[in-house]
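Open the model in a viewer and keep the selection tool at hand. The stops below go from the sheet to the helices and end at a cavity.

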Amino acid sequence: MPIDAAKALAAEPRLGDIGWDHKDIQLYHLGLGAGLPATDPDELRYTLESKLHVLPSFATVAGAGMAMMGGLAAPGIDINLANVLHGGQSIELHRPIPVEGRATSTARVAALYDKGKAAVVVLRTEVADADGPLWTSDAQIFVRGEGGFGGERGPSVREELPGRAPDRTEERHIREEQALLYRLSGDWNPLHADPEFAKLAGFDRPILHGLCSYGMTLKAVVDTALGGDVSRVRAYRTRFAGIVFPGETLRIRMWQEPGRVQVSVTAAERDDAPVLADTVVEHA
């Protein structure tokens with residue numbers, strides 16, 4: 001059977017050493033569109049090594065890029081990667097991410113849910129350095145055609161948007177070459193670069209990485225609702241609800257509530273087609 005839930009959940013965690021430095025941080029930030037205007041003091045915090053801070057969503061690419069996907073090769077999981085979609089992503093920050101670091105990554109299958117015609121695999125990565133835990137990351141991986149193994153259906157988490165106008169709305173343009181730059185942080189899927197491959201996947205042209213939209217959204221929230229202070233972010237979660245193309249514009253609506261910012265992200269040029277949903281930034 002393609003999925004043996006008991007075997008996958010009982011498998012030993014995979015340990016690995018990861019490392020990063022200011023160049024990895026700067027490249028990641030540039031891949032999110034940071035640096036415009038280039039001399040803006042607020043943007044220099046993302047691009048200039050002497051002033052650098054780390055956007056917490058860097059946790060999704062730190063050290064090993066998309067190595068979290070290696071969890072899909074865990075014992076008890078034998079699936080066709082062509083049927084895999086990144087359904088959602090969450091990170092919990094235990095303290096601010098340093099500009100340079102060496103750490104140990106512990107990855108495991110934390111949960112398996114049976115949706116009938118599909119399965120959801122929750123891949124959990126916990127990262128710690130010599131000073132203790134840094135972050136915990138959960139990737140929710142949707143696998144078409146792999147349900148029916150008899151597991152629990154799992155939770156259905158939906159965030160109802162407040163019944164009022166957003167407190168702020170920001171728009172972030174996606175540069176034509178942005179996916180080409182972002183993929184240098186570790187996601188080499190040709191879907192984001194090769195027009196012929198994109199057509200085989202059913203798209204007119206390459207699409208932007210979901211995790212790039214994820215990072216762009218957090219940057220917009222930090223820069224506006226959180227006063228530019230990355231250390232205030234405690235947790236960040238989203239569900240990938242749709243695609244966006246390089247050259248389009250993300251429309252990011254924010255509702256500020258005590259201890260959190262609720263966010264809706266859409267593609268402005270396509271009648272506000274959903275891009276990110278059920279999106280929340282928890283903060284100090």
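Start with the strands: 10 of them form an open sheet in the order E1-E3-E4-E5-E2-E7-E10-E9-E8-E6, with antiparallel pairing. Strands (E, at least two residues) and helices (H or I, at least four) are DSSP runs numbered from the N terminus, and two strands pair if DSSP finds at least two bridges between them. E1 and E6 (168-173) stand at the edges with a single partner strand each, so one side of each has no neighbour in the sheet. From one strand to the next the twist averages 20°; axes are lines fitted to C-alpha atoms, for helices over the stretch in contact, and angles run from 0 to 180 degrees between N-to-C directions.

This is a predicted model: local features need pLDDT of at least 70, side-chain atom pairs count only at pLDDT 80 or more, and totals for chains, interfaces and linings use all residues. Residues are numbered from 1 along each chain as its sequence is written, and side-chain values use heavy atoms, leaving out hydrogens and water.

Select residues 14-20 (E1) and 101-114 (E3), which pair antiparallel over 7 bridges. Gly-16 has Ser-105 in E3 as its bridge partner. The hairpin of E3 and E4 has 3 residues between the strands, and Gly-116 takes a positive phi near 90°.

Move to E2 (residues 84-93) and E7 (residues 233-240), antiparallel and joined by 5 bridges. The partner of Glu-92 in E7 is Ala-235. Now show H6 (residues 210-224), which packs on the sheet and touches E2, E6, E7, E8 (249-257), E9 (260-267) and E10 (273-283); contact means heavy atoms within 4.5 Å. The direction of H6 makes about 140° with that of E7.

Next, select H2 (residues 22-31). Which of its residues are buried? They are Ile-25, Gln-26, Tyr-28, His-29 and Gly-31, where buried means under 20% relative accessible area (1.4 Å probe, protein chains only). These residues pack against E1, H3 (41-47), H4 (178-182) and H6. After H2 comes Gly-33, with a positive phi near 95°.

Last, select Val-54, Pro-56, Leu-93, Arg-95, Pro-96, Ile-97, Val-230, Ser-231, Val-233 and Arg-234, which line the largest cavity. A cavity is a set of points on a 1 Å grid over the protein atoms alone where a 1.4 Å probe fits but cannot get out; lining residues have an atom within 4 Å of a point.

Note on methods:
On a 1 Å grid over the protein atoms alone, a cavity is a set of points where a 1.4 Å probe fits but cannot get out, and a pocket is an open set with protein on both sides within 12 Å along at least five of seven lines; lining residues have an atom within 4 Å of a point. Buried means under 20% relative accessible area, exposed over 50%, partly exposed in between (1.4 Å probe, protein chains only).
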